[in-house]
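Biologist: Hey, I'm new to this one. Can you put it up on the screen and walk me through it?

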Amino acid sequence: QKGSIEVICGSMFSGKTEELIRRIRRVQYARRNLMIFKPQLDDRYSINEVVSHNGLSAMAQPVANANDIIQRVHADVDVIAIDEVQFFNEEIVDVVNQLADSGHRVIVAGLDQDFRGVPFGSMPELLSMAEYVTKLHAVCVVCGEPASRTQRLINGKPACYDDPIILVGASEAYEARCRRHHEVPLGIS
Ligand code: ADP
Ligand code: MG
């Protein structure tokens, strides 16, 4: 059986999409059949592409929920790549397992923590089920050390604990920070 799960995780700007696209290119060089998915929710740069912050891109199918991925995968597909996997609901765990059990190489990329530093959605399950895990780091914008956290800014100030967990955005709302420089004030409520 050749099925397996690879998880690429880390903070925003850590190069997850860049690394996913690097693996996608190698699958294309090998002339294997590939399908790429992303949650519909992520429309930051493009609706039907995965795009990295340094401008790399690959065509992708936007899907509303995890089960849509199962519906769309044909039997002759070798590799399935999914970006922003943290945005799917808990069905994604079964979907990814089912695909790997049926012989597919499944490569997923996603944020391991939300802006508060709390494990994001189904990422803990995906990380523990995966055969291969790659944790990437960005560069802390304050001190230049490796950054494992994502700082959300609202009007230039660190976001509060009660702010909504999902807010799709890029450099205007988020920056990479190390543990020391990451800050989440408690809510006002
Ligand atoms: P992710 O998918 O993890 O958010 P991307 O692959 O889209 O990351 O983007 C990675 C790119 O972001 C890097 O190659 C670099 O050009 C750029 N970048 C911008 N800010 C930073 C930062 N603080 N640390 C590291 N890379 C950064
Ligand atoms: Mg990305």
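Biologist: Which residues does Cys143 touch, not counting residues up to four places away in sequence?

Modeller: With those sequence neighbours left out, Cys143 touches Cys178 and His181. Contact here is when two C-beta atoms, placed from the backbone, lie within 7 Å. Bear in mind that this is a predicted model: local features need pLDDT of at least 70, side-chain atom pairs count only at pLDDT 80 or more, and totals for chains, interfaces and linings use all residues. Residues are numbered from 1 along each chain as its sequence is written, and chains are lettered from A and ligands numbered from 1 in the order in which they are written.

Biologist: Got it. Where is Cys143, and is Cys143 buried or exposed?

Modeller: Cys143 is in the loop between β9 and β10. The cut-offs are 20 or more other C-beta atoms within 10 Å for buried, 12 or fewer for exposed, and partly exposed in between, with C-beta atoms placed from the backbone. Strands are DSSP runs of E, at least two residues, and helices are runs of H or I, at least four residues, numbered from the N terminus.

Biologist: And what about Cys140, buried or exposed?

Modeller: Cys140 counts as buried because 22 other C-beta atoms lie within 10 Å. Cys140 lies in the loop between β9 (138-139) and β10 (146-147). Leaving out residues up to four places away in sequence, Cys140 touches Glu145, Ala147, Ala176, Arg177, Cys178 and His181.

Biologist: What does UniProt place at Cys140, Cys143, Cys178 and His181?

Modeller: The unreviewed UniProt entry places the feature "binding site" at those four. UniProt positions are in the numbering used here, feature names are shortened, and annotations may be inferred rather than shown by experiment. Although they are spread over 42 residues of sequence, they cluster in space, with a largest C-alpha distance of 8.1 Å.

Biologist: Switching topic: which residues are closest to ligand 1?

Modeller: Lys16, Thr17, Glu18, Ser52 and His53 are the closest of the 15 residues that surround ligand 1. A residue is near a molecule if its C-beta atom, placed from the backbone, lies within 6 Å of it.

Biologist: Which element gives the most to that shell?

Modeller: That's α1, with three residues. Both α1 and β9 supply at least two residues each.

Biologist: OK, now the core. Which residues touch the most other members?

Modeller: In the largest nonpolar core, which has 41 residues, Leu20, Ala81, Val96, Val106 and Val108 touch the most other members. Elements giving two or more residues to this core include β1 (4-10), α1 (16-29) and β7 (105-111). A nonpolar core is a set of buried Ala, Val, Leu, Ile, Met, Phe, Trp, Tyr and Cys residues joined through C-beta atoms within 7 Å.

Biologist: What does Ala81 touch?

Modeller: Leu20, Ile24, Leu34, Ile36 and Ile107, not counting residues up to four places away in sequence.

Biologist: How many residues of β1 are buried?

Modeller: Six of the seven, so β1 is largely enclosed by the rest of the structure. β1 and β7 pair in the parallel sense over seven bridges, and Glu6 stands opposite Ile107 in β7. Strands pair if DSSP finds at least two bridges between them.

Biologist: What's the order of the open sheet with three strands?

Modeller: β12-β11-β13, with antiparallel pairing. β12 (157-158) and β13 (174-177) stand at the edges, each with a single partner strand, so one side of each has no neighbour in the sheet.
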